[in-house]
Amino acid sequence: MKQKLKFDDVIELLGGFGMYQKRLYLLVVIPAMWCAIMTIITVFTVGEQDHRCKIPGLANDSYKHHDVYTNNSEPKLFDEECSIVVNITGNVTKTCDSWVYDTSVFTSTLVSEFDLVCDRKILQSHASMGIFAGALVGSALFGTIGDIFGRKIATCLSLMFMFGGHLGTVFIPNYFSFIIMRFISGIGNIGYWNSAVILSMEMASPKKRVWTGMLIEVAWATGEYLTVFIAYFVRQWRHLQLVFAAPIGLFLIYWKILDESPRWLVNKGRKEEAGKILTHIAKVNKTEKIPEDIEVCEDDQPIKGSFLVTIKKVLRSRVMVIRTLIMLFNWITVNAGYYGLTLNSGKIGGDIYVNFTVSVTMEIIAYILCIVFLDRIGRRTLHCSCMIIGGISCLCSIFPVIFGNETHQWIIITLSMIGKLGISAAFADIYFLSAELFPTSIRSFILGLSCIFGRLGSLASPYIADLGLLIESSFGKALPLLVFGSMMLGSGFMALTLPETMNKKMPETIEDALALKRSKSIDRNNPEVCMELTKEHLLS
């Protein structure tokens, strides 16, 4: 009779995180950088340019050419952004239908090419929103594809969406087609990111999963560094888009070189195919092959019951309902705050390239803090601290606006960066906190629901970040920070009511989840404790 081993035990036998896993991780991490690049590239491709109305009848008008002469030879300064004087004597104005743009920062952006100014400013937000709308669809689409058809197919198909969407953006003829291409890109981006995380973590030993989960976040930040570096030298938006889109075509070779996840094959009952891959892993890792008397079995049995039964497990407990609502609001906040503060880095004054570089550096520091403190001070403590500190920093930006002047712009930038540090750490931590607060029977459902609500937050982020476009003053620059700060502060205080999960076993049942708020884990062998928790569950 064959001895049955769970897949995690088999991975340990094959070297845990050997050469095969390291190669695989490197392969999936490199394209992951492009997920970051193409998500935040609109900071530069849709970057706002100073503009004014084009002077009628003046050939070769440029932004620097302000003065024209009237009939009485008196110069008239044309600085209007959205309207122009057509009769100086009567002070008659009309709305502009053409503009000239400042090219000192960007040579060309989507804003200047399609005149997304004045009453068309809202289209700037729509342009940034397109990729997040695609991500909302892609999360569900590629999650299903990955579960049904395999991790490899989901990974490679999403790369095709990325390549087609991002390369197509280079050749768009109008604004509407830009939105369509960004939507397609968003489907591929999130599809690849989720598939890459799953594929790499399924092949890693349990001891290495926190590291693999955090290092791929560092790859994201590395992609952001690469974006600002290249964007500094390539300031024409189509050229910048092409520089980053073209290399994605090289990743299509993954159809040939990637193996399917043997864990997924085992769970699908395709153990012979999984065995061949595991034998190859043993060869690459230079370990012994799995003995023939060992049978690889599934890690977890499929959850029985319908979707409605899963929903009822949450709804019949008041504690679990409140816990779920708090986490969903926190997911909205971390997505809105993270992407919003990233997009806002070019709208708070100062040099956009310096601001963006500092913003990414804050992100790297945040990930280091998570690695250092997640297992020391706890998931909830770290999450709440980062949310509250970041929220207070963003809210404090109102003070230099009210009491300061243009020379105090650096204070607003500094407070914004502290906010970015806090929200980045909270974003990285929330995955662990969410997984450890809910029982096995509903964990996947809750994480899927959380991601959907998170995407709603990211959809709103460009509009919050662009609130300053509606109010052209110093207060307008601080307004997005006030909104993000309020959301972060509220989410942080609400999360204080959640139980700490550090050094506690992940809950398997609703009763285990309810027991998390106690100082000690549930004793399943104590009938009095079990009876007490059952009563608490029914009453709640």
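Trainee: Which helix gives the largest share of the nonpolar patch?

Mentor: This is a predicted model, in which local features need pLDDT of at least 70, side-chain atom pairs count only at pLDDT 80 or more, and totals for chains, interfaces and linings use all residues. Residues are numbered from 1 along each chain as its sequence is written, and side-chain values use heavy atoms, with hydrogens and water left out. Helices here are DSSP runs of H or I with at least four residues, numbered from the N terminus. Four residues of the patch, its largest share, come from α15.

Trainee: What is the area of the nonpolar surface patch?

Mentor: A patch joins residues with over 30% relative accessible area and no salt bridge, nonpolar side chains (Val, Leu, Ile, Met, Phe, Trp, Tyr) being joined within 5 Å and like charges within 9 Å. Accessible areas come from the Shrake-Rupley method with a 1.4 Å probe, and for residues only the protein chains shown count as cover. Trp-211, Leu-215, Ile-368, Ile-371, Val-372, Phe-373 and Ile-377 make the patch, with an area of about 570 Å². The elements that give two or more residues to this patch are α8 (209–233) and α15 (352–373).

Trainee: Is Phe-373 buried, partly exposed or exposed?

Mentor: Phe-373 lies in helix α15. Buried means under 20% relative accessible area, exposed means over 50%, and partly exposed is in between (1.4 Å probe, protein chains only). Because its relative accessible area is 31%, Phe-373 is partly exposed.

Trainee: How many salt bridges does the structure hold?

Mentor: Side chains of opposite charge can pair when their charged atoms come close. A salt bridge is counted when a side-chain nitrogen of Lys or Arg is within 4 Å of a carboxyl oxygen of Asp or Glu. In this structure the number of salt bridges is three.

Trainee: How many residues apart are Arg-238 and Glu-113?

Mentor: Arg-238 forms a salt bridge with Glu-113, their closest N and O atoms being 2.5 Å apart. The pair links distant parts of the chain, with Arg-238 in helix α9 (residues 237–245) and Glu-113 in helix α4 (residues 110–113), and they are 125 residues apart.

Trainee: Which residue forms a salt bridge with Glu-363?

Mentor: Glu-363 is buried, because its relative accessible area is 0%. Its partner also counts as buried: Lys-420 has 1% relative accessibility. The N to O distance in this salt bridge is 3.2 Å, and the partner of Glu-363 is Lys-420.
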